[in-house]
Amino acid sequence: MWRDALLVAGKDLRIERRSRVATAQVLPFAVLVLALFAFALDTDGRILRISAPGLFWIAVLLASMLAAQRSFAVEVDDRGLDGMRLSGLDPAGIFLGKAGAVAIELLVLEGLLLIGTALLYDSPLRGSGAVLLIVTCVLATAGLASVGAIYGALSAGLRGRETLLPLLYLPVTAPVLLTGAKAMEAAMGVTPGLQVGEGWPWVRLLGVFAVLYVAFGVLAFGALVEET
Amino acid sequence: MKTRILGGASFLILAVVVYLGLWVTGPDVNQGQHVRLLYVHPEVAWVAYVAFGVTSLASVLWLIPATRRHVFDHVAGASAEIGSVFIALALITGAIWGRPTWGTWWSWDPRMTTTLMLFMLYLGVLALRRLPATFDARARRSAFAALLAFIGVPIVHQSVVWRRSLHQLPSILKADITKPEIHGLQLWTMLLSFLGFTLVYVWLLIVRTRLARWEDQAGDQSLSDAIAARRAEAVTGTFAQVRS
């Protein structure tokens with residue numbers, strides 16, 4: 001299973017490296033979202049500074065949807081999923097590979113967006129919150145990538161999937177926005193007096209979210225992609 | 001016939017509830033006339049949650065190969081549709097009730113937020129069902145989407161609950177809607193209303209499931225009819241050619 005996952009993830013990341021869709025389209029889109037919030041909310045920066053964690057996660061959520069859609073769009077035309085199944089890859093491995101590749105893309109994106117929020121919104125970053133911030137990002141990303149892979153497979157090849165995916169994906173991933181933003185508030189110390197330790201309960205909820213959806217994907221992916 | 005009796009009985013009960021709720025029971029000390037929403041709002045919300053529970057259960061039964069029957073997909077779809085209608089009603093009646101008692105149409109309270117997300121999730125499931133596909137593919141996709149929604153809802157709920165528990169509750173919500181004691185007649189009207197709405201749900205579920213089965217049968221039938229007609233045409237066509 002793990003070997004298959006590495007193969008699939010390697011394949012997907014190679015496609016991204018060569019096609020540069022993630023860097024040329026998804027990343028600029030996320031930065032654009034950050035800029036749009038600035039246009040909509042405030043220009044003096046105070047509101048942006050306070051709401052930076054929430055806005056960061058909205059940008060990540062929207063970008064992750066594109067990444068998940070893209071991850072399965074590349075398989076649809078040449079029936080790549082069927083090909084992978086026929087070549088004897090473990091479905092759980094395919095799922096982990098697809099989700100893993102999306103997760104790696106998202107982690108890179110989150111790193112760049114953090115710099116973006118620091119520059120554009122003047123959001124603080126404190127050293128003591130670094131561990132919390134990293135754990136939050138990793139768990140949230142694992143959950144998002146898994147949900148993305150499940151829904152991506154579910155809607156792959158369907159007509160009208162571009163409009164359907166957001167409706168299915170966003171309500172399920174809403175908790176990431178809520179909990180991720182809360183954990184990040186504590187990690188950054190956006191509000192004065194907020195301790196880093198106050199972020200950890202949120203991380204636990206993110207952990208439950210990530211474990212549930214990774215497990216669901218591992219168990220259900222085989223049945224999900226069967227003859228679709 | 002039995003279904004008709006069920007439908008008639010449920011509407012009769014609701015008619016009695018309307019009579020009791022509007023004329024027999026009195027206004028409340030704190031809430032005045034608005035207390036009459038007690039006979040509508042909790043009941044429709046209850047039906048919505050029951051409906052989504054049934055959808056999840058039917059989806060699981062469809063996904064397990066040993067219990068896979070066409071009827072479970074029909075039930076899951078029918079129940080998701082009914083649930084969406086009732087959840088919309090719950091949100092609307094809740095807003096109507098919230099305005100006079102809390103002073104706001106909407107508040108980001110855990111239950112309300114979760115209900116709204118649930119509504120969105122099931123709209124997604126219903127949209128998925130409408131996409132053209134073979135019976136099995138559609139049933140499998142919808143079943144998975146319904147299950148994901150089922151897993152997601154407690155997490156949405158918990159995250160909103162926590163967010164509020166770490167923050168001060170808005171004072172607007174401090175007025176507890178359940179605080180006014182429920183008196184005997186009010187309680188009976190409410191229970192009757194629960195019964196009535198639940199029966200309406202069961203009746204709608206039976207009718208809608210039956211309709212879903214007929215839709216599928218009609219689809220199959222029209223296909224085989226078309227094939228038969230085309231064959232007949234081909235045969236007569238050959239005869240005509242031979243004769244000429």
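Reply: In this predicted model, the contact between the two chains involves 27 residues of chain B and 28 residues of chain A. Together the chains bury about 2,700 Å², and 81% of that area is on carbon and sulfur atoms. On the side of chain B, R140(B), F144(B) and L148(B) supply 24% of the area buried against chain A, more than any other three residues. Across this interface zero salt bridges are found, with a salt bridge taken as a side-chain nitrogen of Lys or Arg within 4 Å of a carboxyl oxygen of Asp or Glu.

Salt bridges do occur in the structure, which holds 13 of them over all chains. One of these joins K11(A) to E75(A), whose closest N and O atoms are 2.6 Å apart. Because K11(A) belongs to helix α1 and E75(A) to helix α3 (residues 46–76) of chain A, the pair ties together parts that lie 64 residues apart in sequence.

The surface of chain A also carries a nonpolar patch of about 660 Å². Its members are V31(A), I104(A), V108(A), L112(A), I115(A), L119(A) and L120(A). Helix α5 of chain A, which spans residues 91–120, provides the largest share of this patch, six residues. L120(A) is placed in that helix.

A patch of another kind, one of positive charge, is formed on the surface by R14(A), R17(A), R18(A) and R20(A). Of these, R20(A) sits in the loop between α1 (2–19) and α2 (21–41) of chain A. The backbone at R20(A) deserves attention as well: R20(A) has a positive phi of about 60° although it is not a glycine.

To return to the part requested, the interface of chain B and chain A has 81% of its buried area on carbon and sulfur atoms and zero salt bridges across it.

Terms used:
Residues numbered from 1 in each chain as written. Chains lettered and ligands numbered in written order. Predicted model: local features only at pLDDT ≥ 70, side-chain atom pairs only at ≥ 80, totals over all residues. Heavy atoms only, no water. Patch = residues over 30% accessible without salt bridge, like charges linked within 9 Å, V, L, I, M, F, W, Y side chains within 5 Å. Areas by Shrake-Rupley, 256 points an atom, 1.4 Å probe, with all protein chains shown as cover. Lys, Arg positive; Asp, Glu negative; His and termini not counted. Charge placed at Lys NZ, Arg CZ, Asp CG, Glu CD. Helix = DSSP H or I, 4+ residues; strand = E, 2+ residues; numbered from the N terminus. Contact = heavy atoms within 4.5 Å. Buried area = accessible area lost by both parts, 1.4 Å probe.
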